[in-house]
Amino acid sequence: MNPLAQGLNDTINQENNHVYDMLSELGRQIYFPKVGILSQSAEAKAKAKKFNATIGTALENGQPMHLKVIQDTLSAYEPKDIYEYAPPAGKPELRAAWRAKMLEENPSLQGKSVGNPIATNALTHGLSIVADLFAGAGDAVVIPDKNWENYELTFGIRRGAELVYYPLYNEARRFNADGLRDALLAQKDKGKAIVVLNFPNNPTGYSPDAEEGKAIVEAIRDAAEAGVNVVAVTDDAYFGLFFEDSLQESLAGQLADLHPRVLSIKIDGATKEEYVWGFRVGFITYAGQSETMLAALEQKTMGIIRATISSGPHPSQTFVLHALQSPEFKAQKEEKFNIMKGRANRVKALLDSGKYGDVWEYYPFNSGYFMCLKLKTVTAEALRTHLLNQCGVGTIALGETDLRVAFSCIEEANIDELFDTIYQGVLDVQGVTAK
């Protein structure tokens, strides 16, 4: 094993042996090189005042070489802020700005030990880092039965982990904390579990309220006290889009410092929060550990980044930083939030009107981009293909009965027509099936 990796492992084991036990074999082997091109280039950048012939970029007239056809479209930015490589952990100013934003919006994180957010190539990359560091063959990844399908690829296919499902809703149509607890306690023999908490949930658009949030935290605490090391990952892709009386912050804060056997990891980003999907700017943040532990986990994370994408895109990090620093940022974000809330409220009012009750019910939703219909009379795939081929309407079929509808991309004025069309589609498919 590389001495740098061994040194990080020794530090992690000394600070919290439970976190060391959570690491995958890759997680134990990985390290960020202290000696090599990056470190020598960093040293040269600070000291080589005459000629710096280290890094693989091109300079011209004292600034990064660039094409005018590109710079003309980006003239508001200095070439140094868009063409140079970003550091593997991300643009330092952006990391600091995101940390300040995260602490402001998540009061439960304040006063706790929180690492500096590490920039990722959006949230999937952050989840992939978690999988690389903590998931190995046969490890349990606990997720609800209604989930983002990419978890299977990220944790199951890539890392060989076993996905363990529990029903998202209980009989009262609230979050099923008992199901989560049972799924975690079932991992006692393994002694380890990765739990992914995705709120607002994709595909249902559900977020727990304060009471449910407390029950989730207690379920994880119970598992830890039973001897299960829990990697608690909050997938906060749709953070901030809370339209009703649900939790208004991530559970990452309540999970930090919860128990020595619990490691809180927050995955979030500008992708959905700031409506910049194509920018691919996300973050991974560790919380609730000693400063020494947080530094070691950051080095491990940077090692994964160096070994995969080397570093994230500099221009989009600069664009997001500019937005966060703008005086108009909060007002413009509030404007978009109100548009999204209006769409969600219109969907709920329409579904609660009773006009569609004979063909579907809907799963509780209160946040995010999506909601799910539970069809009563036709299969989701039959309806999806009919709507697409005969009506020009796109939806997502999930299993036999569930149809996901993204109200985020439908103007409020068109929502009635959308659901009327879906309803008519159900009747059409029923007629075909009856024949």
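**Entry 1**

I count two residues as in contact when heavy atoms lie within 4.5 Å. The model I am reading is a predicted one. I looked up S311 first. S311 sits in the loop between α13 and α14 (314-325). Leaving aside neighbours within four places in sequence, I find S311 in contact with Y85, A86, P87, P88 and I305. One of these gets a closer look: the side chain of S311 reaches the backbone oxygen of A86 at 3.2 Å.

Is S311 buried or exposed? I note a relative accessible area of 14% for S311. Buried means under 20%, so S311 is buried.

I also checked S311 against A119. The two are 192 residues apart along the chain, yet their C-alpha atoms are separated by 8.6 Å.

**Entry 2: helix α13**

Next I went back along the chain to α13. This helix covers residues 291-308 and has 18 residues. At 1.5 Å a residue I expect a span of 26 Å. The end C-alpha atoms are 26 Å apart, so the two values agree. I listed the buried residues of α13; among them are M293, L294, L297, M302, I304 and I305. Q299 and K300 are also on that buried list. Just after α13, I see S310 take a positive phi of about 70°.

**Entry 3: the sheet**

Then I traced the strands. I find 7 strands in an open sheet, in the order β3-β9-β8-β7-β6-β4-β5, with mixed pairing. Which strands are at the edges? They are β3 (118-120) and β5 (162-166), and each pairs on one side only. Neighbouring strands of this sheet are turned by 25° against each other on average, direction ignored.

β3 pairs with β9 (residues 282-287) in the antiparallel sense, over 3 bridges. I118 has I284 in β9 as its bridge partner.

**Entry 4: helices across the sheet**

I placed α13 against these strands. α13 lies across β3, β8 (262-269) and β9, and runs at about 150° to β9. I then turned to α8 (residues 150-157). α8 lies across β4 (140-144), β5, β6 (192-198) and β7 (229-235), at about 140° to β5.

**Entry 5: cysteines**

How many disulfides are there? I count 0. Why does C372 form none? The closest cysteine sulfur to that of C372 is in C409, 14 Å away, which is too far for a bond. A disulfide needs the sulfur atoms within 2.5 Å. I compared the surroundings too. C372 is buried, at 0% relative accessibility. C409 is exposed, at 59%.

Methods: Residues numbered from 1 in each chain as written. Predicted model: local features only at pLDDT ≥ 70, side-chain atom pairs only at ≥ 80, totals over all residues. Heavy atoms only, no water. Helix = DSSP H or I, 4+ residues; strand = E, 2+ residues; numbered from the N terminus. Expected span 1.5 Å × (residues − 1). Buried < 20%, exposed > 50% of the residue type's maximum accessible area, 1.4 Å probe, protein only. Polar contact = N/O pair within 3.5 Å; in protein donor to acceptor, adjacent residues only side chain to side chain. Pairing = 2+ DSSP bridges. Axes fitted to C-alpha atoms, helices over the stretch in contact; angles between N-to-C directions.
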